Amino acid sequence: MPATTPFLRRLRRATAVTAAAVCTAALTACVAQEGDYVLHYTTYSSPTSDQSVTMQRWAEDVEARTDGGVRVKFHYSQSLVGADESLQATLDGRADLAQVGSLYSASDLSMFTVIELPFETNNPQVQLTAIERLYEENETYRRDFDRQGVQLLFPLPLGISMVGLEEPALTPNDLAGRNIRSGGLTSEALLAVGANPVAMTATDVYEAMERGVVDGYTSLAIANLPTFGLATNTPYLVDPGIGAYASSIVVINSELMESMPPEYQEAIAEASGQAVANGLEEMDKLGAQACEDLRRTGAQLSAMPADDVAAWKERAGIAEGWVNRYSERGYDAQSVLDDYRRIIREETPQSQYVDQFYACLEGADR
């Protein structure tokens, strides 16, 4: 049986346009032979990142399911467009598929940023399912995508947010006064406990830690540590209770998708139904590698007490601020937050997934 995803259910309800696509100024996808497509994919990730490997597996699956009729050309590390331009690139013809990060989506896909809210879930699988289900179940959330002329294919995981530190921190208040690399809504959480969030690309964190420019970092998951070399210079790694803090999604130009033959659309949908599981698998590989690296260096792993995290969440009031900010711009943001939380409640008991940070912490405690 083919995978039944929200995307596949939408596809089966849609009226497909079956005429063969041609190269135009509006779309970069070209017909190599009649009925064959080469889709250009833009990403800010490196070729070896878990997110790129997940996308490579998806592309191989699509090519196999279409007998070579749909192929993907990759443009890694912002070589085609910058991360903040990726969604617009799918509309003006520079790309057909794009990795769109929530950190760059406040203006284009405002409701997508609900998944950045801290303290909502510490289960990345649940967060990914919520991203997909919101697209299916919440009209306000989906309208942003429709307005931009893109369809959601699948989300890519990032894991839970950690705090890597030069000196230990047992509670949120222990972060006060420290300069900590951060981004997105996590920065608002840090401000609530008196920390100083510092905007910085992940590639600069290692050197900044070595030079003492920052006292630590967050807005990174354990799977990110091998990529940026941080498992070797982080003596203390703490779960602050923020949980899933961001994600990225793969989107496709809607007109292009609807121009493909129904069997190609079905193949893309079925491959997309496997992508979340593949993404978690690839992320877990890097997380396990990071755990081994941390144990070799003698890094200490810990988690902040649940009561202190709950008090931090209440003090910060970030969800309320998010709703107010977007309600003033005409969004029914409260409905999006309510549905996000409802889906989390529904999905959490059904998921057995454990973030690699917790797996590593449990192993250290044995």
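## Strand β10

In this predicted model, strand β10, which covers residues 248-253, is mostly covered, since 6 of its 6 residues are buried.

Strand β10 has two strands as partners in what follows. Strand β3 (residues 97-101) is joined to β10 by 5 bridges and runs antiparallel to it, with L97 having I252 as its bridge partner in β10. Strand β4 (residues 150-156) also pairs with β10 in the antiparallel sense, over 6 bridges, and here F154 stands opposite V250.

## Salt bridges around R133

Across the whole structure, 18 salt bridges are found. One of them links E137 with R133, whose closest N and O atoms are 2.7 Å apart; because the two residues are 4 residues apart in helix α4 (residues 124-137), they are separated by about one helical turn. E137 is partly exposed, with a relative accessible area of 35%, whereas R133 is buried, at 16%.

R133 also meets E347 in a salt bridge of 2.7 Å, N to O. E347 lies in helix α13 (residues 333-347) and R133 in helix α4, so this pair ties together parts that are 214 residues apart in sequence. Both E347 and R133 are buried.

## A pair within helix α5

The side chains of D144 and R147 form a salt bridge at 2.8 Å, N to O, and both residues lie in helix α5 (residues 139-148), 3 residues apart, which is about one turn of the helix. D144 counts as buried at 1% relative accessibility, while R147, at 48%, counts as partly exposed.

Note on methods. Residues numbered from 1 in each chain as written. Predicted model: local features only at pLDDT ≥ 70, side-chain atom pairs only at ≥ 80, totals over all residues. Heavy atoms only, no water. Buried < 20%, exposed > 50% of the residue type's maximum accessible area, 1.4 Å probe, protein only. Pairing = 2+ DSSP bridges. Salt bridge = Lys/Arg side-chain N within 4 Å of Asp/Glu carboxyl O.
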